[in-house]
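Let's take a friendly walk through this fold, from its helices to its sheet and its charged pairs. Keep the viewer open as you read.

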Amino acid sequence: MKNTLASLFLSATLLLPLTARADTAVLAGGCFWCMEKDFESLHGVSEVVSGFTGGTAENPTYRGDHTGHYEAVEITYDPEIVSYKDILDHFWVNIDPFDARGQFCDKGPEYLSAIFVANESERPLAEQTRQAVVDRFPDQTVVTPILPLDTFYPIKGNEIGHQDFYKKSPIRYKAYRFSCGRDRRLQAIWGDDATV
């Protein structure tokens with residue numbers, strides 16, 4: 001009887017869905033189309049959502065009021081496959097950390113780069129990776145800040161076309177990315193470490 005109950009219990013638990021652990025990170029690196037593509041290609045990342053954060057306007061939109069907001073992405077990842085530090089290391093080699101006016105061909109405050117930390121355990125890792133970039137480029141000024149995360153507003157409504165843009169409009173996306181000079185600049189900064 002004991003063995004039968006144990007077998008039934010084991011069988012039942014094997015049928016229960018396993019819930020994968022997931023963490024999120026919010027980062028700004030200029031055009032959210034490009035950030036989405038760069039992070040969705042990283043093993044261990046399950047979803048990347050385009051949106052806005054860091055500003056004062058509630059419910060910001062791409063064509064409307066996004067005062068003070070950065071174009072950003074919310075990255076959902078499995079920390080058993082890819083760590084928060086790995087996410088940050090991937091972030092740095094996909095931005096220009098020296099550009100105080102925006103990123104690549106996109107200029108303006110919404111295109112600035114930033115790391116948004118959600119808690120105090122993320123901050124030391126963010127600072128550690130930033131310092132590594134400062135040490136690697138002692139003759140340049142790293143302008144990418146580490147900021148506290150407030151509300152992340154995902155793209156929604158009639159602007160949802162911005163989500164997965166690189167999948168929905170691959171030719172337009174590739175033309176934009178090439179003409180913006182993103183990959184050329186990343187290779188110029190990061191050399192073989194660039195993930196382009």
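Predicted model: local features only at pLDDT ≥ 70, side-chain atom pairs only at ≥ 80, totals over all residues.

## A covered helix

A residue is called buried here when its relative accessible area is under 20%. In α2, the buried residues are F32, W33, C34, M35, E36, D38 and F39. That makes α2 a mostly covered helix, with 7 of its 9 residues buried.

Two charged residues, E36 and D38, are on that buried list. D38 comes back below, both in a helix contact and in a salt bridge.

## Where α2 meets α6

How are α2 and α6 set against each other, and how far apart are their axes? The angle between α2 and helix α6 (residues 170–180) is about 105 degrees, and their axes lie 11 Å apart. Angles of 65 to 115 degrees count as roughly perpendicular, so α2 and α6 are roughly perpendicular to each other.

To find this contact in the viewer, select W33, C34, K37 and D38 on the α2 side, then Y173, Y176 and R177 on the α6 side. Sorted by class, the contact of α2 with α6 holds 4 nonpolar and 3 charged residues, and no polar ones.

## Salt bridges

The model has 11 salt bridges. One of them joins D38 to R182, with 4.0 Å between the closest N and O atoms. This pair ties together distant parts of the chain: D38 sits in α2 (residues 32–40) and R182 in helix α7 (residues 182–190), 144 residues apart. Are these two partners buried or exposed? Both D38 and R182 are buried. D38 and R182 also belong to a network of salt bridges that takes in R177 and D183.

A second pair to look at is R136 with D193, whose closest N and O atoms are 2.8 Å apart. Here too distant parts of the chain are linked, with R136 in helix α4 (residues 122–136) and D193 in the segment after α7, 57 residues apart. R136 has a relative accessibility of 40%, so it counts as partly exposed. D193 is partly exposed as well, at 39%. Another salt bridge joins the side chains of D164 and K167, at 3.9 Å from N to O; D164 is partly exposed, with a relative accessible area of 21%.

## The sheet

Now turn to the strands. There are 6 of them in an open sheet of mixed pairing, ordered β7-β6-β1-β3-β2-β8. Which strands stand at the edges? They are β7 (146–148) and β8 (153–154); each has a single partner strand, so one side of each has no neighbour in the sheet.

Strand β1 (residues 23–29) runs antiparallel to β3 (residues 70–77), and 5 bridges join the two. T24 has T76 in β3 as its bridge partner. β1 also runs antiparallel to β6, through 4 bridges, and here G29 is partnered with S113 in β6. β1 is mostly covered, with 5 of its 7 residues buried.

## Helices on the sheet

Is A126 buried or exposed? Its relative accessibility is 0%, so A126 counts as buried. Leaving aside residues up to four places away in sequence, A126 touches L88, I115, V117 and I146. A126 and Y84 are 42 residues apart in sequence, yet their C-alpha atoms are 8.9 Å apart in space.

Conventions. Residues numbered from 1 in each chain as written. Heavy atoms only, no water. Buried < 20%, exposed > 50% of the residue type's maximum accessible area, 1.4 Å probe, protein only. Pairing = 2+ DSSP bridges. Axes fitted to C-alpha atoms, helices over the stretch in contact; angles between N-to-C directions. Parallel < 35°, antiparallel > 145°, perpendicular 65-115°, else oblique. Contact = heavy atoms within 4.5 Å. Nonpolar A, V, L, I, M, F, W, Y, C, P; charged D, E, K, R; others polar.
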